[in-house]
Amino acid sequence: MGSGLDQLREVLGEVSDLQEAIRVLLWDQETYLPAGGFEGRGAVLSTLGRRAHDLFVSDQVTRQLEAAEAEVSSLDFDSDEASLVRVTRRDQERERRIPSELVGEMAEASTAAAPVWREAREKSDYAMFAPHLARNVELSLRRAEAIGFESRPFDALLFTEPGMTTSQLEVIFVGLKEAIVPLVKKIAAKADAVDASCLQGDFPEGPQLGFVNTVIKSLGYSFEQGRMDISTHPFMIGMNPGDVRLTNRVSRDLLTMAIFGGIHESGHGIYGQGISAALARTPLWEGASNGVHESQSRLYENLIGRSRPFWKHWFGELQALFPKQLAKVDAEGFYRAVNRVAPSLIRVEADEVTYNLHILLRFEIENDLLEGRLRVEDVPDAWNAKMVEYLGVEPPNAAEGSLQDIHWSFAGELASFPAYSLGNLISAQLLAAIRKDLPDLDDQVEAGEFGPLLGWLRERVHRHGRKFTPAELLLRVTGQELDARYWVAYAERKFGELYGLN
Ligand code: ZN
């Protein structure tokens, strides 16, 4: 028998082993599992998930946490040990409040809703999906009640962004809306300034995928501690410090899908590979939050990957792969093309500027549903009205409107959208801090030297894993709380210049 902390580490290691097994099976399910294997796989995942949950919320862990708390009370807040006990306590107290029958009901509701959502989207039949959304709203409210909140259920569901509140989000989004809506209007008046036609054509998949893998390797993603496969929706999944995997997708007609999808996922992967191995097999071996994770993918995808110096470096290599297709464009033209702004209906295809408005719309609708201001049957009308107000486009049908995302099929995914916008905001605030420390960043990027940037992120963000909340991390790294003005200033400068608005 070791100390309380040793015993706690041992049982958390067992929970983590079960979770790693779940992640390997999930990765397999999204990549190579034959259709016939899904039914059996569901049962395995459910058994392993229940085992991991039961062990984590057990009285044994509660007692070990108490003993460990006494042992680490004199340790530094930043130490791995004090952080482990602090974060595990927070997670465990929340998980213990959620009754296991509610966990089961949420899983069943999601399993039932996902295929209905697929069919409803195909037929563009919102009424078919509505009862499932109503059920997921009800389950989310019960989950929020169980976790506890003062006046706003969304607050309880925001536990994936520790420290963030609904009212803070509202302030952030109002600021964004006031900046973006007029910017989009000004850009629309000069829509012809950017021509993106060079991105469409016939681009064989093999060279595309080879190119993007070369790019992400130079950014810092290690193929010795990871791999890249193909899936319908790209994702990153970390098994353990030596095995952080990515997937990508590729389109023969559209050059940007694989390139920016791959760079995006590599940002997640580089983060995962950079978390201190000393935190493995604990709840700290993860990103600080979904928003912070997204800040890393978007920093690489947008702030670096869609920058002028980046394409000054890479365009020649890409053009050599597709000499006929890209004969009429140069690095500058390509940089402009990949930054074209055009209001559109589908979130996952949105450009950098309009993207946050898609998130704002979902945040407002979810919050109105949870607080009883909006009825489930009225969602498509509310959706379309907001699309017209924010983006000036109206979905012709529900498939291109309120049915486009799979997220509302999952009871556990209500309140998960804001993380995408938080990621954008955090990435711009981090970049401002990076530029102070690396004044030659643009020259380095143009020379294909991504090491200094990687070193900065490793030291200040990645290695800490989940030790700090997003607010704690930002304060340590930038000396400030989250401030949306960094992203707004970045967008106004970049797109003002691109579209000649100033
Ligand atoms: Zn992402």
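1. Aromatic cluster. Phe211, Phe260, Phe310, Trp311, Trp314, Phe315, Phe334 and Phe450 form one aromatic cluster. The model is predicted, so local features require pLDDT of at least 70 and side-chain atom pairs pLDDT 80 or more, whereas totals for chains, interfaces and linings use all residues. Residues are numbered from 1 along each chain as its sequence is written, and side-chain values use heavy atoms, with hydrogens and water left out.

2. Aromatic pairs. The structure holds 16 aromatic pairs. Rings of Phe, Tyr and Trp (its six-membered ring) pair if their centres lie within 6.5 Å; planes under 30 degrees apart count as stacked, over 60 as edge-to-face and the rest as tilted. The pair of Phe315 and Phe334 is tilted, because the ring centres are 5.3 Å apart and the planes stand at 40°. Phe315 belongs to helix H12 (residues 308-321) and Phe334 to helix H13 (residues 331-337), so the pair ties together parts that are 19 residues apart in sequence. Helices (H or I, at least four residues) are DSSP runs, numbered from the N terminus. Both Phe315 and Phe334 are buried; buried means under 20% relative accessible area, exposed over 50%, and partly exposed in between (1.4 Å probe, protein chains only).

3. Charges over rings. The charged end of Arg476 sits over the ring of Phe468, at 4.1 Å from its centre. Likewise, the charged end of Arg362 sits over the ring of Phe417, at 5.4 Å from its centre. The criterion is that NZ of Lys or CZ of Arg is within 6 Å of the ring centre and within 35 degrees of the ring normal.

4. Asp351. Asp351 is located in the loop between H13 and helix H14 (355-370). The side chain of Asp351 reaches the backbone nitrogen of Ala342 at 2.9 Å, and a polar atom of this side chain lies 2.9 Å from the backbone nitrogen of Val353. Not counting residues up to four places away in sequence, Asp351 touches Arg340, Val341, Ala342 and Pro343, where contact means heavy atoms within 4.5 Å.

5. Leu482. This residue lies in the loop between helix H19 (470-478) and helix H20 (485-498). Leu482 counts as partly exposed because its relative accessibility is 27%. Leaving aside neighbours within four places in sequence, Leu482 is in contact with Met164, Ile172, Leu422, Leu425, Ile426, Gln429 and Leu474.

6. Positive phi. Most residues other than glycine have a negative phi. Ser124, although not a glycine, has a positive phi of about 55°; Ser124 is found in the loop between helix H5 (100-123) and helix H6 (126-147). Arg281, also not a glycine, has a positive phi of about 60° and lies in the loop between helix H10 (256-274) and helix H11 (290-304). Ser124 counts as partly exposed at 26% relative accessibility, and Arg281 counts as partly exposed at 41%.

Methods
Helices (H or I, at least four residues) and strands (E, at least two) are DSSP runs, numbered from the N terminus. A polar contact is a pair of N or O atoms within 3.5 Å; within protein, one must be able to donate a hydrogen and the other to accept it, and residues adjacent in sequence count only if both atoms are side-chain atoms.
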